[in-house]
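Please look at the model first.

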Amino acid sequence: MRVLITGSSGQIGTNLALRLLREGHEVFGVDKRQNTWTDAFPTLLQDLAGHYAPFPGGINGVEYPETDLVVHLAAHAKVHQLVGEPHRALENAVMTFNVLEYARHGSIPFVFSSSREVYGDVHRFEGYDETAADFAYTESTYSASKIAGEAFVYSYARCYGLRYLVFRFSNVYGRYDNDLRRMVRVIPLFIHSLARGEPITIYGGRDKTLDFTYVDDCVEGITRGVEALAAGKVVNETINLAYGEGNTLVHCAERIAHELGVEADMTLAPSLLGEVTHYVADLSKARSLLGYDPQVPLDEGIARAVEWFRDHRARHPEENVPVRADHERAQELGQGWKTPAAL
Ligand SMILES: NC(=O)c1ccc[n+]([C@@H]2O[C@H](COP(=O)([O-])OP(=O)(O)OC[C@H]3O[C@@H](n4cnc5c(N)ncnc54)[C@H](O)[C@@H]3O)[C@@H](O)[C@H]2O)c1
């Protein structure tokens with residue numbers, strides 16, 4: 001298959017592209033940044049967030065190569081950033097629109113990367129099967145951008161016969177996520193800080209529980225989806241992809257410290273605005289439709305992530321510099337903390 005991946009220079013895009021190449025598929029990437037991890041596939045450098053005139057063969061007058069399926073990953077992918085800079089949430093919706101238009105004109109099947117953030121931080125749910133999303137409850141501007149993206153996908157299916165899969169990911173970590181100057185995610189940040197002997201802050205407190213997904217499991221699920229959608233076996237479904245187990249952020253930090261052989265100096269703090277503090281995915285649909293069976297529990301994934309980090313850091317000692325913590329960034333962005341009233 002010839003697979004077009006948007007956001008192909010990012011964490012999931014890079015891992016997915018390399019995996020699809022190993023499976024014998026062709027990959028064509030589109031991203032506004034050069035890929036800093038690999039040159040194994042071509043990348044068109046293009047900003048997908050512009051308001052462009054209609055162009056059937058690609059986006060903004062650029063002819064794309066023949067494509068059998070699109071995986072749309074490009075987005076501003078960080079909750080805190082989008083709470084502080086909401087226009088980026090709108091850009092996410094515009095990117096999705098542009099890529100959907102390309103898929104519509106070419107009748108190309110479309111895979112969308114949504115997020116567990118569409119469920120919000122609502123504890124009234126017993127579980128998180130895919131029908132539990134309540135689009136009237138919107139936790140953050142990032143959630144809004146994913147809800148908008150999903151809504152566009154569903155409307156394109158209804159109006160134009162688009163064939164799609166929507167995946168809702170959750171805290172994907174591992175290989176190629178150590179891009180700390182561009183985007184700070186919690187696991188690479190904790191590895192970086194603890195390795196440097198710096199203290200860490202756990203926003204959301206001792207009970208904050210999330211479903212951490214090792215990137216190879218996530219990519220395995222997407223790959224199964226890509227092949228099933230292309231074959232017409234699984235079409236127009238919304239599917240959670242995660243590990244399916246809750247772990248506290250405190251446990252996660254302790255495992256990182258253990259792998260690094262250091263003591264974790266942790267401070268507990270309230271959640272930042274827009275954050276989800278509890279989520280464990282219901283994977284029944286992924287298992288039954290795609291035969292998805294995640295293989296890497298958190299403790300094993302952390303060991304692999306720390307090993308990858310060590311190897312990467314040894315080759316890039318210049319990256320061993322302080323990274324601004326989230327509360328500093330949040331203050332800069334004018335964000336507040338989540339108060340009980342906001343829950
Ligand atoms: N990693 C996770 O834990 C997670 C969880 C839920 C959902 N997601 C979603 O999965 C997708 C991929 O996530 P990721 O972790 O690989 O993120 P990432 O930030 O590493 O990759 C996203 C890529 O999109 C590109 N991009 C952003 N704006 C663009 C624009 N205007 N034009 C072209 N390219 C642009 C970025 O340059 C980046 O390379 C995103 O849509 C994200 O919201 C990720």
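Which helix gives the largest share of the lining of the second largest cavity? Helix 9 does, with three residues. The model is a predicted one.

**Enclosed spaces**

Two cavities of 30 Å³ or more are counted. The largest cavity has a volume of about 50 Å³. Its lining is made up of Ser9, Gly10, Gln11, Arg33, Trp37, Tyr176, Asp177, Asp179, Arg182, Met183 and Arg185. Sorted by class, that lining has five charged, three polar and three nonpolar residues.

The second largest cavity holds about 40 Å³ of space. Asp177, Asn178, Pro188, Ile191, Ala305, Trp308 and Phe309 form its lining. At least two lining residues come from each of helix 5 (186-195) and helix 9 (298-315). Here the classes read five nonpolar, one polar and one charged.

**An open space**

Next comes the second largest pocket. About 230 Å³ of space lies in this pocket. Its lining has 14 residues. Those nearest the centre are Asn178, Asp179, Leu180, Arg181 and Glu319. By class, the pocket lining divides into five nonpolar, five charged and four polar residues.

| Space | Volume | Lining by class |
|---|---|---|
| Second largest pocket | about 230 Å³ | five nonpolar, four polar, five charged |
| Largest cavity | about 50 Å³ | three nonpolar, three polar, five charged |
| Second largest cavity | about 40 Å³ | five nonpolar, one polar, one charged |

**The ligand and its shell**

Which residues come nearest to the ligand? They are Asp31, Arg33, Tyr142, Val172 and Arg185, out of 28 residues around the ligand.

The side chain of Arg33 has an N or O atom 2.7 Å from an oxygen atom of the ligand. For Lys146, a side-chain N or O atom is 2.8 Å from an oxygen atom of the ligand. Lys32 takes part through its backbone: an N or O atom there lies 3.2 Å from a nitrogen atom of the ligand.

How much of the ligand's accessible area does the protein cover? On its own, the ligand has 820 Å² of accessible area, and the protein covers 97% of this. Helix 1 (11-22), strand 7 (110-115) and helix 4 (141-160) are the elements that give two or more residues to the shell. Strand 7 supplies the largest share, three residues. By class, the shell has 12 nonpolar, nine polar and seven charged residues.

**Two buried residues**

Arg116 sits in the loop between strand 7 and helix 4. Is Arg116 buried or exposed? Arg116 counts as buried because its relative accessible area is 8%, and the cut-off for buried is under 20%. Its side chain makes a polar contact of 2.4 Å with the side chain of Asn171.

Ala103 belongs to helix 3 (residues 87-106). Its relative accessibility is 0%, so Ala103 is buried too. From Ala103 to Ala17 the C-alpha distance is 19 Å, and the two are 86 residues apart in sequence.

Key: Residues are numbered from 1 along each chain as its sequence is written. This is a predicted model: local features need pLDDT of at least 70, side-chain atom pairs count only at pLDDT 80 or more; totals for chains, interfaces and linings use all residues. Side-chain values use heavy atoms; hydrogens and water are left out. On a 1 Å grid over the protein atoms alone, a cavity is a set of points where a 1.4 Å probe fits but cannot get out, and a pocket is an open set with protein on both sides within 12 Å along at least five of seven lines; lining residues have an atom within 4 Å of a point. Grid points are joined across faces, edges and corners, and a volume is the space filled by probe spheres set on the points. Ala, Val, Leu, Ile, Met, Phe, Trp, Tyr, Cys and Pro count as nonpolar, Asp, Glu, Lys and Arg as charged, and the others, Gly among them, as polar. A residue is near a molecule or strand if one of its heavy atoms lies within 4 Å of it. A polar contact is a pair of N or O atoms within 3.5 Å; within protein, one must be able to donate a hydrogen and the other to accept it, and residues adjacent in sequence count only if both atoms are side-chain atoms. Accessible areas come from the Shrake-Rupley method with a 1.4 Å probe; for residues, only the protein chains shown count as cover. Helices (H or I, at least four residues) and strands (E, at least two) are DSSP runs, numbered from the N terminus. Buried means under 20% relative accessible area, exposed over 50%, partly exposed in between (1.4 Å probe, protein chains only).
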